[in-house]
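I opened the notebook to record what I looked up, entry by entry.

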Amino acid sequence: MEKEKSEELNPKNFVGTVKYGHGGVLVWRCMSASGLGNLVFIDGIMNHDRYLNILKENLKLSAQNLGIGNKFFFYQDNDPKHTLLNVRLWCLYNCPQNLKTPPQSPDLNPIEYIWRELEVEVRKHDIKTKSELKTVMMEEWKNTDAEISKKTS
């Protein structure tokens, strides 16, 4: 049944949607063969200063919580934020085993497999808001079986 011209813009005929599959929530995450590290939501625009702060606050803490101390390889792609001098210097002194990978390359960056699994689980939920998305993502991240990280590392 077709709506009359006068009814097509009536709010009762609208269906709300939330787009989150293409950049609605920006996330930093890490993993090792020992399990999953921190998941950090990034509000606003990511720049090198914000990225460096995330590393300072989360990378070593995640490594410590996973029981790997300073014995880890740090994978990051060649995003310009990752290659600026202050970020490179911090990485040189804090995680000297630093490997650069192409962006979103699951063959070279094992966290992409886990990220894909997380996305599948998140999409099973009826999410209406960005806040709900963040809550579901955090719950699913915490519920992700640590064994998956051993298989992908």
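**Entry 1: the buried side of α1**

I began with helix α1, where Tyr 51, Leu 52, Ile 54, Leu 55, Asn 58, Leu 59, Ser 62 and Ala 63 are buried. I note here that the model is predicted. I then asked which elements the buried residues of α1 pack against. I found β1 (26-32), β2 (35-42), β3 (74-77), α2 (80-83) and α3 (85-94).

**Entry 2: length and ends of α1**

I checked the length of α1, which has 18 residues and runs over residues 48-65. At 1.5 Å a residue it should span 26 Å, and its end C-alpha atoms are 25 Å apart, so the two values agree. I also looked for a bend and noted a kink of about 30° in α1, centred on Leu 55.

At the N-terminal end I found a cap, made by Asn 47. One of its side-chain oxygens lies 3.1 Å from the backbone nitrogen of Asp 49. Just after α1, I saw that Gly 67 has a positive phi of about 75°.

**Entry 3: the nonpolar cores**

I recalled that nonpolar side chains tend to be buried together in soluble globular proteins. I looked up the largest nonpolar core and found that it has 19 residues. Which of its members touch the most others? They are Trp 28, Leu 55, Leu 59 and Phe 74. β1, β2, α1 and α3 are the elements that give two or more residues to this core. The largest share comes from α1, with six residues.

Leaving out residues up to four places away in sequence, Leu 59 touches Trp 28, Ile 54, Phe 72, Phe 74, Trp 90 and Cys 95. Apart from this core lies another, of 14 residues, and I listed Val 27, Ile 111, Ile 114 and Val 136 among them.

I looked at Asn 58, which is found in helix α1. Is Asn 58 buried or exposed? Its relative accessible area is 10%, and the cut-off for buried is under 20%, so Asn 58 counts as buried. Not counting residues up to four places away in sequence, Asn 58 touches Trp 28, Asn 38 and Val 40.

Next I took Asn 94, which lies in helix α3. Its relative accessibility is 18%, so by the cut-off of under 20% Asn 94 is buried too. The side chain of Asn 94 reaches the backbone oxygen of Trp 90 at 2.8 Å. With neighbours within four places in sequence set aside, Asn 94 is in contact with Lys 60, Asn 70 and Phe 72.

**Entry 4: helix α5**

I repeated the length check on α5, which has 14 residues and covers residues 130-143. At 1.5 Å a residue it should span 20 Å, and its end C-alpha atoms are 20 Å apart, which agrees. I listed its buried residues as Leu 133, Lys 134, Val 136, Met 137, Glu 140 and Trp 141. They pack against β1, β2 and α4 (111-122).

**Entry 5: the whole chain**

I ended with the protein chain as a whole. How many helices and strands does the protein chain have? I counted six helices and four strands. Along the sequence they follow the pattern β-β-α-β-α-α-β-α-α-α. Of the 153 residues of the protein chain, 37% count as buried.

I also looked at contacts between residues at least 6 apart in sequence, and 59% of these join residues at least 24 apart. The accessible surface of the protein chain comes to about 10300 Å², and 52% of this belongs to carbon and sulfur atoms.

Note on methods. Residues are numbered from 1 along each chain as its sequence is written. This is a predicted model: local features need pLDDT of at least 70, side-chain atom pairs count only at pLDDT 80 or more; totals for chains, interfaces and linings use all residues. Side-chain values use heavy atoms; hydrogens and water are left out. The expected span of a helix is 1.5 Å times one less than its number of residues. The bend at a residue is the angle between axes fitted to the seven residues ending there and the seven starting there. Buried means under 20% relative accessible area, exposed over 50%, partly exposed in between (1.4 Å probe, protein chains only). Contact means heavy atoms within 4.5 Å. A polar contact is a pair of N or O atoms within 3.5 Å; within protein, one must be able to donate a hydrogen and the other to accept it, and residues adjacent in sequence count only if both atoms are side-chain atoms. A nonpolar core is a set of buried Ala, Val, Leu, Ile, Met, Phe, Trp, Tyr and Cys residues joined through side-chain atoms within 4.5 Å. Accessible areas come from the Shrake-Rupley method with a 1.4 Å probe; for residues, only the protein chains shown count as cover.
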